[in-house]
Amino acid sequence: MNTVTIRDVAQRAGVSAATASRVLSGNPATSAESRAQVEQAVRELDFRPNAQARALRSTRSDTVGLLVSDVRNPFFADLAHTIEQSLLELGYVTLLGNANENREQQDRYLDTLISRRVDGVIVAPQGTDSASIDSLLAREVPTVFVDRTIPGVDVPSVTTDSVPGIRAAVQHLVDLGHERVGYVAGPQSVSTGRERLEAWTAAAAELGLSTDPDLVYVGDFQSASGSAAVHALFELDEPPTALLAADSLMAVGAIAMLNRLGMRMGTDVSVIAFDDIEWFSLLDPALTVIAHSVEEMGRIAVQLLHEVIDGRTPDSVVLPSELIVRESTTRASGGTSGGAGRLSTAVASATHETDATRASSSPGSAARVPAERPDPNRPRTPGRN
């Protein structure tokens, strides 16, 4: 019995599973070198494509799987709405899954979508590899990445260039006199987390912001890590006078903690968020943001998938980002010896009150304490990436 898979062929040929699949299906959008490598691997491994599986793939279900990173994140909620409506216009019903920023949960949904024989999948991938995504490609399920990518995986994608927006944000803060700015980074296990931190680091070094590693706190794209970041950053001996959060949920958590500590954004500390959520402009003060078009991203993702389903190989698309200045960013108020010192006192007071309350309400249990300060040469981070 032949147990060789298309993934084995791709590995032997030194190409991606998607490229091997295109060669074997006769898709002309492959190079002569790739075709020769795949054909040689097929001969060496005695690979025989499963005709029954191919027949099943040719049967249309008029359904598309959509897997987003976190349905609680307003960015992904808006993205899912745009994609669902655009697919409906093309006659497809959307099956929606929530990865919850977790690769194992992502893979469980993808395995289910494969078993449902969807016509295609749009996914914001988790991590740097995935057996289930490999399985999608090996089974020739049309696939498009949205917002995020996986290094080395040959799949059409629509993403955002974070560099111009982040650089403009850094320049804006420098122009306002800020020198120490806290950066709340996303998880380094996903492409957007890595790319935005790289853009921040480069812009800060180029434009003269402090590159103190203690000013970088690595979160997980969820609101709790934004709150934890504020708690950690304002315990520093020289706390920041401004914050930039790498996504909307971490920004929400950061703002909530600032409010709890009695700090007013735009007065005591300037705040910028990545992603322009509709109600950010309704805050008081309105939030300065790095914006990119979620509607355009969603429409393009559907267009790319439609082309892949039709047997074409579309080019990936990278959308721009831009800074939108509102009232949450103001001139630095005289450095760390004045306002920021007072903010550190507020953090210490709130921490003392919180620990005392927990200790009195839970006799015999240990009060929660701030995380230990990490190695000074590494970014600060919560318990998980």
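Biologist: Which residues line the second largest cavity?

Modeller: The lining is His178, Thr241, Thr267, Asp268, Val269, Ser270, Thr330, Arg331, Ala332 and Ser333. This is a predicted model; local features need pLDDT of at least 70, side-chain atom pairs count only at pLDDT 80 or more, and totals for chains, interfaces and linings use all residues. Numbering starts from 1 along each chain as its sequence is written, and side-chain values use heavy atoms, without hydrogens and water.

Biologist: What makes a space a cavity, and a residue part of its lining?

Modeller: On a 1 Å grid over the protein atoms alone, a cavity is a set of points where a 1.4 Å probe fits but cannot get out, and lining residues have an atom within 4 Å of a point. The structure holds 2 cavities of 30 Å³ or more.

Biologist: How many residues of each class line the second largest cavity?

Modeller: There are 2 nonpolar, 6 polar and 2 charged residues. Ala, Val, Leu, Ile, Met, Phe, Trp, Tyr, Cys and Pro count as nonpolar, Asp, Glu, Lys and Arg as charged, and the others, Gly among them, as polar.

Biologist: What lines the largest cavity?

Modeller: Its lining includes Asn73, Asp147, Arg148 and Phe221. About 70 Å³ of space lies there. By class, that lining has 3 nonpolar, 2 polar and 5 charged residues.

Biologist: Why is Asn100 called partly exposed?

Modeller: Buried means under 20% relative accessible area, exposed over 50%, and partly exposed in between (1.4 Å probe, protein chains only). Asn100 has 27%, so Asn100 is partly exposed. Phi of Asn100 is near 55°, a positive value in a residue other than glycine.

Biologist: And why does Glu140 count as partly exposed?

Modeller: Glu140 has 28% relative accessibility, so the label is partly exposed here too. Phi of Glu140 is near 65°, again positive in a residue other than glycine.

Biologist: How much of the protein chain counts as buried?

Modeller: Of its 385 residues, 51% count as buried.

Biologist: Which peptide bond is cis?

Modeller: The bond joining Asp284 and Pro285 is cis, with omega about 0°. Pro285 lies in the loop between β9 (270-274) and β10 (288-291); strands are DSSP runs (E, at least two residues), numbered from the N terminus.

Notes. 1 Å grid on protein atoms, 1.4 Å probe; cavity = no way out; pocket = protein on both sides within 12 Å on 5 of 7 lines; lining within 4 Å. Points joined across faces, edges and corners; volume = space filled by probe spheres on them. Helix = DSSP H or I, 4+ residues; strand = E, 2+ residues; numbered from the N terminus.
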